[in-house]
Structures are given as structure tokens and as C-alpha cells.
Amino acid sequence: MSKCPVMTTSAGVPVADNENSLSAGPRGPLLMEDYQLFERMAHFNRERVPERVVHAKGAGAYGQFEVTGDISRFTRAHLFSAIGNRCDLFLRFSHVAGEQGYADTVRDPRGFAIKFYTEEGNWDLVGNNTPVFFIRDPLKFQDFIHSQKRRPDTGLRDNTMQWDWWSLSPESLHQVTILFSDRGIPASYRNMNGYGSHTFSVWNDQGERYWVKWHLKTMQGIKTLRAEDAARIAGEDPDFHRRDLHAAIARGEFPRWQVQIQIMPEKDAETYGIHPFDLTKVWPHKDYPPQEVGILTLNRNPENFFAEVEQAAFEPGNLPPGLGVSPDKVLQARLLSYADTHRYRIGINYASLPVNQPHCPVHTYHRDGHMRFDGNSGGAVNYEPNSFSGPVQAPEYRAPPLKISGDADRYDHRQGNEDYQQAGDLFRLMNADQKAQLIGNIVGAMREVPKSPEFDS
Ligand code: NDP
């Protein structure tokens with residue numbers, strides 16, 4: 001048997017007794033001087049960081065991405081400069097509405113958040129398992145999430161709240177159709193697609209910009225759970241999806257996804273019949289055919305769930321040169337809110353945590369802040385400009401300018417936007433069994449919903 005190390009306090013002082021607290025006599029009260037007891041209690045009381053308001057329950061794994069399709073004429077991102085380029089990555093799957101202990105097989109969109117550790121910095125593609133979302137204006141996000149979470153009076157989730165909000169927000173119909181289809185409950189994280197969902201951009205050395213959508217197609221095949229099986233599994237093993245992912249990787253069955261991209265020249269956005277920056281819409285494949293750009297493989301489980309999965313912090317604004325955002329309003333709001341929530345949840349130095357740390361050198365002028373644990377750049381100069389060889393800007397990484405125009409105003413996002421065509425297109429491509437599942441799932445979820453918009457008293 002290997003020799004165990006001596007247990008210590010956080011200060012490294014050896015612990016002589018980890019079984020008995022210090023008391024006045026064998027039956028007596030405890031003594032204030034039992035430092036070890038109080039240190040253990042105090043640390044335990046602070047073990048939880050705030051859980052994510054959305055995407056609270058997740059599972060993650062490390063892997064690799066390999067470029068298999070040439071898009072180097074569209075982007076200057078070094079990752080895509082040659083077929084065969086590779087980079088490490090961390091991927092976190094999640095639920096959206098449920099809390100940490102929620103059952104994995106409840107109907108809900110799944111998060112599909114990837115951190116690519118590229119040599120030009122981290123690229124975070126923070127998507128879902130659906131190509132669209134429920135809203136197109138971020139001002140409605142908080143209302144939408146409240147309607148999917150728990151009632152303020154009873155603390156219960158409530159189908160009436162969900163359907164009340166959806167029925168008054170027709171832009172959600174496309175996503176609701178996907179959610180209540182057979183794909184609304186995947187058989188496992190390995191058997192679902194991922195989508196960047198938003199329109200993003202790429203740009204090349206000539207300063208040309210293209211609008212793009214990212215797709216990740218499961219190479220394990222789509223597999224879904226019927227509602228009745230999902231309900232049974234929720235009782236038998238609430239961690240069904242988390243367990244499946246970990247077990248598959250542990251036995252060497254590494255899940256893979258084919259990464260695809262749809263590419264639209266910048267000018268097309270002005271004339272394309274579908275609003276290209278509307279998060280409730282896809283670009284039909286016949287208009288912009290998806291092309292393969294790479295293969296993503298997950299092949300290593302985290303060693304510590306809290307350190308790696310819980311502290312993983314993704315932000316859509318992490319974009320190496322050659323990759324960019326778009327005017328999609330929901331994406332624009334996410335650029336602020338993701339970093340903001342990490343600052344609240346795990347602190348200002350979250351980007352230095354090992355799982356979030358880029359695999360390339362980092363040179364910033366950020367200093368100090370809570371829990372600075374990495375040497376804080378030592379004695380290096382902490383202002384810019386300076387005469388002491390501190391890091392400097394590099395204009396060659398400047399993105400091409402984007403022309404914008406219009407009067408500053410609050411524009412009705414429901415006007416001029418058609419909400420039913422693409423939901424209908426999806427329904428029409430379903431087979432008879434999928435249509436029956438969709439209708440059955442909606443009927444099941446709406447059974448308790450009253451006709452009147454009034455809540456039950
Ligand atoms: P296509 O026939 O070219 O593509 C249909 C797409 O729908 C495929 O990617 C397929 O995924 C996916 N799909 C099939 N069943 C479901 C389901 N139950 N839930 C979600 N996705 C599903 O048609 P279009 O490109 O013209 O799109 C038609 C409709 O398909 C859209 O309105 C949209 O609802 C849906 N869709 C479109 C996507 C796009 O980017 N164009 C992406 C995903 C969905 P797979 O190949 O993996 O089976």
C-alpha cells in the first residue's frame with residue numbers, strides 16, 4: 001500500500017487528530033481554540049459558488065478539433081489556415097432552465113458551449129442543440145427565463161407560465177416546435193447536434209467579411225427519447241446524460257461531431273429574403289449549403305468536476321482575429337452578459353482559472369482583484385503607453401469596418417418578421433411518427449393550462 005501523505009490545515013500545518021474535536025472533558029462543550037474544526041466548518045459553508053441562473057446543470061469534457069475543410073480564403077484565423085491544423089478544446093453541455101440537481105431527461109434545450117484553445121487566443125462558440133432561439137430581442141430574455149423557471153408563489157415550475165409567455169410571443173414558435181419535437185429530449189449528449197445559432201462573421205486578409213452560421217452534426221447519429229421513457233429515466237437516474245458522457249469517454253468511445261459552416265457574402269445580407277440577423281430563423285440549406293470544416297472529438301474526462309466543469313466560463317466575445325460577431329441583437333447582448341455573470345459568479349479573475357486559461361501567452365494590463373492567484377504579472381509595467389517594453393497593440397489584427405446606419409429608436413421587432421413559415425417547414429419535413437410525437441408532447445404539456453389567461457387562484 002502506498003504511503004499516504006500527512007493531512008494538514010490549509011496553512012500546511014500537520015493535523016494530529018481528524019476524528020475528535022477539542023472539548024472540555026469527554027462530554028463537555030467545545031473549545032474556541034479548535035482551529036481545525038472551525039477552518040473545516042468555515043470552508044464547507046462556502047463550498048458553493050452561485051449557480052448559473054441559466055445552464056446551471058452541465059457536464060463537460062476535453063477534446064480536439066481538427067480542420068478537414070479549407071475555409072482559409074474566408075478567414076484569416078490561423079486555426080483555419082491549413083487542413084490538418086488542430087487545437088485542444090473544452091466542451092460543456094447543459095440544461096437551460098433546470099437547477100443543479102435537475103433530471104437530465106426533462107424537455108429543455110441543451111447548451112453546447114465550446115472553448116477552442118487556439119494559438120491566437122480562445123474561441124468560445126457558446127451555442128445550443130437547436131439552430132434558433134425563443135426570442136429575437138434580448139430585452140425579452142429575462143421575461144422568457146422567468147416564465148420557464150419557478151412560480152414566485154409556490155416555487156413550482158408551471159406549464160401555464162410557459163405557454164402563457166409563448167402564446168403571447170409568436171417569435172418563439174419555431175423554437176417551441178423544435179423543443180416539442182422528438183429532438184426536444186436527446187437520448188444522450190452524444191446523440192444531438194450543436195449549433196452556434198446566431199449569425200457570426202469571418203473575415204480575411206483582404207478585409208472581406210462573410211456572415212456565417214456554425215453547425216455541429218453528431219457522428220453518433222441523432223437519437224431521442226420518447227416522453228414516457230424520459231419520465232421513467234428521470235426517476236431512475238437523474239444524471240443520465242452526465243453519466244453517459246463520462247462513461248463513454250472512460251471506456252474509450254470518443255464522441256465526434258462534424259463541424260459545418262454556412263457562408264453568406266456580406267452584401268447578400270442587404271437583399272436576402274430572410275432577416276439574416278434574426279435568431280429565430282435558419283438559413284435554408286438550399287440557399288447557403290453547409291460545408292464541412294472540421295471534426296471535433298471529445299476524448300478526456302475532467303479530473304475535478306468543480307474546478308473544470310463548474311468553473312468553466314464561456315463568452316461569445318472570445319474571438320481570435322478572423323472570427324467576429326454580427327448585428328444580431330441577442331448576440332450583442334450576450335457579449336456583455338456572459339462576462340458579467342462570470343464576474344459575479346466566480347470573480348474578476350475567472351479567465352486565469354486553469355480551464356479558462358488560453359494555451360497561448362496572455363499579456364494584459366489587468367491587475368489585482370479578488371483571488372488573484374497567478375503572480376499578478378510580478379513587477380512588469382502596469383500602464384500603457386510605457387517606455388519599458390510592455391505589450392503593445394498590433395494593428396494588423398484590426399477587423400474590417402462595418403457600415404451601420406439608422407435612427408436610434410426602439411423598433412418593433414415583431415413588425416415585418418414572419419414567425420410561422422420555418423416552424424411549418426420543420427413540421428412538413430417530419431415523418432408521421434415525428435408529427436404524432438410533436439402533437440402528443442404539446443397536448444401533454446398543455447393539458448393543465450387553463451383557457452383563460454388568468455392564473456389559477
Ligand atoms: P433541409 O431539409 O435542408 O434541412 C432540414 C434540417 O432539419 C436538417 O439539418 C435536419 O437535421 C433538421 N431536422 C430534422 N428534423 C428535425 C427536428 N425534429 N428538429 C430540429 N431539426 C430537425 O431544410 P431547410 O434548410 O430548408 O430547413 C427546413 C427546416 O429544418 C427549418 O425551418 C428548420 O426548422 C429546420 N432546420 C434547419 C436547419 C438549417 O440550418 N437550415 C438546421 C436545423 C433545423 P439532420 O440533418 O441532423 O437530420
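## Ligand shell

By class, eight nonpolar, seven polar and four charged residues form the shell around the ligand in this predicted model (nonpolar being Ala, Val, Leu, Ile, Met, Phe, Trp, Tyr, Cys and Pro, charged being Asp, Glu, Lys and Arg, and polar being the others, Gly among them). Of the 19 residues around the ligand, those that come nearest are His174, Arg183, Asn193, His285 and Gln422; a residue is near a molecule if one of its heavy atoms lies within 4 Å of it.

For histidine 174, a polar side-chain atom lies 2.6 Å from a ligand oxygen atom. An N or O atom in the side chain of arginine 183 is 2.7 Å from an oxygen atom of the ligand, and for lysine 217 a polar side-chain atom lies 3.0 Å from a ligand oxygen. On its own the ligand has 780 Å² of accessible area, of which the protein covers 77% (Shrake-Rupley method, 1.4 Å probe). Two or more residues of the shell come from each of α4 (173-179), β7 (209-218) and α9 (421-429); helix α9 gives the largest share, four residues. Helices (H or I, at least four residues) and strands (E, at least two) are DSSP runs, numbered from the N terminus.

## Basis of the model

Residues are numbered from 1 along each chain as its sequence is written. The model is predicted, so local features need pLDDT of at least 70 and side-chain atom pairs count only at pLDDT 80 or more, while totals for chains, interfaces and linings use all residues; side-chain values use heavy atoms, with hydrogens and water left out.

## Annotated regions

An unreviewed UniProt entry assigns "domain: Catalase core" to residues 8-392; such annotations may be inferred rather than shown by experiment, and their positions follow the numbering used here, with feature names shortened. The end C-alpha atoms of this span lie 44 Å apart, and the span is 21% helix and 19% strand.

Under "active site", the unreviewed UniProt entry lists His55 and Asn128. They span 74 residues in sequence, yet no two of their C-alpha atoms are more than 10.3 Å apart, so they gather at one spot. Histidine 55 is placed in the loop between α1 (35-45) and β1 (58-67).

## Helix packing

The axes of helix α2 (residues 141-148) and helix α3 (residues 159-167) come within 7 Å and cross at roughly 150°; axes are lines fitted to C-alpha atoms over the stretch in contact, and angles run from 0 to 180 degrees between N-to-C directions. Asp143, Phe144, His146, Ser147 and Gln148 of α2 meet Met161, Gln162, Trp165 and Trp166 of α3, contact meaning heavy atoms within 4.5 Å. These residues divide into four nonpolar, four polar and one charged.

## Backbone features

The peptide bond from glutamate 384 to proline 385 is cis, with omega near 5°. Proline 385 lies in the loop between α8 (329-346) and α9. Serine 197, in the loop between β5 (194-195) and β6 (200-203), has phi near 65°, a positive value in a residue other than glycine.

How values were computed:
A polar contact is a pair of N or O atoms within 3.5 Å; within protein, one must be able to donate a hydrogen and the other to accept it, and residues adjacent in sequence count only if both atoms are side-chain atoms.
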